[in-house]
Structures are given as structure tokens and as C-alpha cells.
Amino acid sequence: MGGCHSDVRGGQQAVGGGQRSAGNAVTNSNDAAHNDAVDFFFRSHGLQGLFTQVELSLSASKLLDRDITSKSDPMVVVFIKKNGALQEIGRTEVILNNLNPQWIEKVSVAFHFETVQPLVFRVYDIDTKYYNVPVKTIRLSDQDFLGEASCVLSEILTKQNRSLTLCLKDGHGGSTNLGSLTVRAEETVASRSVIELVLRCSHLDNKDVFSKSDPFLRISRVVESGGSIPICKTEVVKDNLNPDNPLVIECFDFNSNGSHELIGKLQKSMADLEKLYSEKSGANFVIPSSSRGGYEKKTQFSFLDYISSGFQLNFMVAVDFTASNGNPYTPDSLHYIDHTGRLNSYQQAIMEVGEVIQFYDADRRFPAWGFGARTLDGNVSHCFNLSEIPTQPEVEGVEGIMGAYANALHNVRLAGPTLFGQVINKAADIAAHSLFASTNKYFVLLIITDGVLTDLQETTEALVRASDLPLSILIVGVGRADFKQMEVLDADNGQRLESSTGRVATRDIVQFVSMREIHSGATCLVEALLEELPDQFLSYMRNRDIKPIPLH
């Protein structure tokens with residue numbers, strides 16, 4: 001293989017690349033940022049949920065030279081593994097006569113936080129007869145194989161600079177001295193600027209019989225096809241046909257004694273503002289720039305901006321050991337360990353969630369607790385370490401959680417009742433103490449339970465307190481219990497939790513999923529459970545104006 005070609009980049013010619021604009025890969029036009037209005041739109045139309053589009057840039061060094069009279073002419077083919085099968089997602093161009101290529105063509109892939117996405121990269125030396133054909137038509141079976149590498153997409157995105165170098169192997173467990181491949185990921189975003197609008201409605205049609213309408217607004221973006229895609233929605237305003245009053249805009253001269261002097265004010269209805277807009281006219285008043293027009297423009301960082309700059313998701317798990325689970329030594333028990341390798345519901349939840357979140361936790365040491373069991377000291381505990389070491393709640397990796405859980409079934413007696421308060425407070429204590437050391441950690445507590453809560457009020461109080469902390473709580477319901485209480489804790493109805501003293505939760509930090517309902521539907525457990533986590537993470541960071549760590 002090989003040949004003489006004058007070159008467009010440093011002595012090596014690139015052939016077979018697609019038509020591009022400004023060096024960017026062709027990407028899906030869907031918006032990258034998560035938005036619940038868009039999410040509702042896609043789900044209601046039976047389409048795939050939200051994702052973040054990323055572009056993969058590839059380079060290699062010290063590739064094998066398969067040519068006799070010249071150097072290899074490498075091309076990379078990228079695959080994603082789904083259900084055990086490889087699915088091709090993109091190819092680079094061919095770079096001629098180069099053992100240290102830097103490909104220009106990028107490969108676009110949709111990043112789904114809630115799933116593990118294994119990638120396989122295969123490098124080929126392309127035969128000269130394929131130089132003038134599109135790379136998509138190149139038959140890989142006719143090319144010389146230079147090596148392959150694999151990783152999970154999350155591994156790239158969690159590295160600082162979003163760059164990961166992999167050793168190329170022969171694909172059969174043999175030679176590993178086939179050079180290296182470096183993969184760099186970039187989030188595809190048109191802009192990080194966001195606009196905050198203040199909107200009002202009046203004299204809305206009443207759609208309810210026994211109360212007033214509960215309105216919200218949905219804003220959509222018109223696409224080239226003439227249709228529209230929702231991009232945001234407002235909060236719901238309960239029992240109100242006039243969700244806002246006419247705008248009164250006032251300008252004051254500040255005085256330190258609190259006696260501020262009014263410079264001017266202006267009151268306009270929405271119709272007045274629309275008229276000003278349509279006539280392209282203005283009104284005579286003076287207002288601060290931050291209040292102008294009822295909107296504010298600012299920079300908004302994405303979930304990937306935080307994760308790739310060193311922020312971590314620290315995983316914790318709490319398992320229900322109450323007697324309602326049934327005798328763990330009988331097959332009808334929710335805790336039954338099947339020696340054929342089939343996972344019970346508790347093991348399934350630990351594995352599926354842990355396998356996703358572990359990539360965002362640097363040391364992969366996870367606190368693991370149990371609750372509702374009689375421990376070796378004869379007392380019922382509602383928060384005990386699965387490790388059986390009183391001073392050490394952490395275990396090594398997801399497999400460590402699985403092993404500690406299985407061992408605990410032999411060393412404790414199932415009891416009750418079902419109480420969440422203590423494990424939530426324990427997780428909250430860890431999250432609170434982390435703030436003294438750094439602000440780049442966010443904690444995720446997974447609670448797996450089969451029963452009805454006995455301490456609903458205590459749990460509510462604990463959740464309201466924890467809403468101020470870098471913490472999210474995932475609850476998986478297993479078995480056939482009535483989980484209506486969990487839906488209240490989830491607060492997906494728009495009503496935030498309220499404590500007995502009237503304190504309202506700062507934000508929603510709970511996501512509940514019933515495994516029974518998941519098994520009867522098309523959505524998998526981990527996707528349903530983790531879909532809100534990136535937004536919960538971002539709400540905490542943005543509310544506290546915590547920005548990604550600058551990369552040096």
C-alpha cells in the first residue's frame with residue numbers, strides 16, 4: 001500500500017473526508033442541553049429521550065507500518081456496542097503515509113448520562129485503490145488491520161480536557177505494542193448564552209370545573225421544516241387566571257440610609273409592550289440594564305463542563321433489610337441469592353446504577369448501608385455498615401457493594417420497620433462535611449426498598465434539610481407494595497416538600513422508580529432512575545453560582 005502524493009497537512013495527504021463546515025462533524029440538530037419541555041415533546045411523540053451531542057477527535061502515534069515502499073495510510077472506524085453487538089457510528093478520512101496521524105474528520109455521538117456506552121475504535125491501513133472513493137464505501141475486509149482500542153464514553157468525558165489515550169491491541173488478546181490512539185471529546189453547543197424572560201398572562205380561559213386553571217407557558221423553536229420543537233416551559237401557577245399583574249418598573253437612586261430616591265417608574269400591560277414592539281418605538285423611562293425588557297443574559301455551563309473539569313458524583317447505597325422482604329433462603333424472597341447467577345431486584349438495582357455512576361467517582365469507594373435489620377449485637381439498626389466494620393462504611397467498587405450485601409444477608413436478621421430518616425441524615429452529613437474541603441463533589445444516594453414508610457414525616461424533614469446540600473436521592477421500589485408515599489417524596493407534581501415548620505425544600509432532590517412498573521414498560525430501570533440527576537446537579541451548582549474548575 002502507499003504511493004506518492006503531495007500533501008495538504010505537513011507532508012501527508014488526507015483523502016475521503018466528507019463535506020464539512022469549519023471543521024465540525026455533522027451533528028444532530030437537537031438541542032444539547034436537557035430540558036423537560038423537550039423531554040415531554042419527544043416522549044409524547046414516541047421518540048428517543050434527550051441527550052448531549054459530542055464530537056470525537058482522533059489522533060494516533062507509532063502505528064504499525066504495513067507498507068513496503070511507504071508508510072501506512074490509516075483510517076479509524078468507530079463503533080458503539082449495543083446489546084452486545086457493534087454498531088458503526090462514524091469514520092475518519094484516510095491520511096496518507098503517516099504513522100502519527102491527526103485526523104480532521106470528527107465522529108459525532110450522542111452522550112446519554114443514564115447509560116453505559118462502550119466504544120470500540122479500529123484502525124485500518126487503506127489500500128490505494130480506495131483513495132478516490134467515499135470512506136463510507138470502503139470495504140474493511142479488504143484493508144490491513146492496524147489495531148483496536150476500547151473504552152466507555154464516560155471515561156473520556158470525565159477526564160480533564162476530555163482527552164483519553166488508549167493502547168492499540170490486536171483484538172485477540174495478543175500484542176499490545178501497536179501504538180496508541182488518543183480520543184478527545186467536545187460538547188456540541190451553539191452558544192453558552194441563555195436568556196431569562198419574565199412573562200405574564202391575563203384573562204386566561206378557565207379549563208377546570210371546581211377551581212381555576214393552573215397555567216404554564218411552553219416556548220418552542222421553529223425549525224426549517226416548518227414545524228416546532230419545544231425548548232422550555234415555565235413553572236405551573238396554581239388556581240390563577242391572571243398569573244401575573246401588569247409590570248411596574250421603577251428606578252431608584254440608592255441611599256445607604258435606606259431612603260432611596262425614585263428616579264422614575266413605568267407601568268405597561270403586555271398589550272402595551274407588544275404595541276411598542278410592533279411600532280418599533282420606545283417609552284420614556286430610565287431603568288437599570290439588569291431589568292431592561294424583563295430579561296437577563298448570562299453564561300450557562302453544561303453538565304459536561306462540570307464533569308470534565310474535575311467535579312465528581314460520589315455514589316452511596318442503602319438496602320432495605322426489613323422482614324417484609326421474606327426469608328432470604330427461600331426462592332420467593334426479594335433477597336434470595338440465586339446461585340445460577342440470576343440477579344434479584346436489589347442486586348439488579350445496585351449493578352445497573354453503580355455501573356453508570358462509577359465512572360464519575362474518582363476513587364470508586366462507595367459507602368454502603370443497610371437498614372431495618374437486627375445486627376450481631378441483637379439490636380435493630382436503621383443505618384448499619386454493610387462492610388461490618390463500624391468505622392468503615394466504604395467498600396471497593398460495585399463488586400464490593402454486591403459482596404458486602406450478600407455477606408450481610410448471612411449475618412443479620414430481617415426485622416423492621418421501614419425507616420429512611422437515619423440513612424438520609426447519614427448521607428446528608430457526608431455531603432455537608434465535604435463542603436469544608438471542596439465544592440467539586442456531588443453525592444448520589446440510592447435507596448432500595450420493598451415497603452411502606454413508617455417515618456414519612458421524619459423522612460420529609462430530612463429531605464427538606466438535605467435539599468440545600470450537594471445531594472440527590474434515588475429510590476427504587478421492589479416487590480408489590482403500595483408506593484404512593486414515594487411518589488409524594490418525588491414531588492414530580494410540582495409541589496416541593498414542606499417540613500412541619502413550614503420550610504419548603506430548596507429544590508427537588510428525589511427520583512422514585514417502581515421496578516414493577518419498569519418491568520411492565522419499555523424504559524429500563526437505570527434510564528428512568530437517572531434521567532433527572534444531571535438537572536438536579538445543575539440546579540445545585542447554578543443556585544450557588546458554582547462554576548466549573550478552570551482548566552490550566
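**Strands and loops**

Reply: Strand β3 is joined by six bridges to strand β4 (residues 85–91), and the two run antiparallel. Two strands pair if DSSP finds at least two bridges between them; helices (H or I, at least four residues) and strands (E, at least two) are DSSP runs, numbered from the N terminus. This is a predicted model, in which local features need pLDDT of at least 70, side-chain atom pairs count only at pLDDT 80 or more, and totals for chains, interfaces and linings use all residues. Residues are numbered from 1 along each chain as its sequence is written, and side-chain values use heavy atoms, with hydrogens and water left out.

Me: Which residue in β4 stands opposite I80?

Reply: In a regular strand the side chains alternate between the two faces of the sheet. Here, Q87 in β4 stands opposite I80.

Me: Which residue takes a positive phi in the hairpin of β3 and β4?

Reply: That residue is N83, with phi near 55°; the hairpin has two residues between the strands.

Me: Is K62 buried or exposed?

Reply: Buried means under 20% relative accessible area, exposed over 50%, and partly exposed in between (1.4 Å probe, protein chains only). K62 counts as exposed because its relative accessibility is 69%. K62 lies in the loop between β2 (52–61) and β3 (74–82) and, although not a glycine, has a positive phi of about 55°.

Me: Where does N161 lie?

Reply: N161 is in the loop between α2 (153–157) and β9 (163–167). N161 is not a glycine, yet has a positive phi of about 70°; at 36% relative accessibility, N161 counts as partly exposed.
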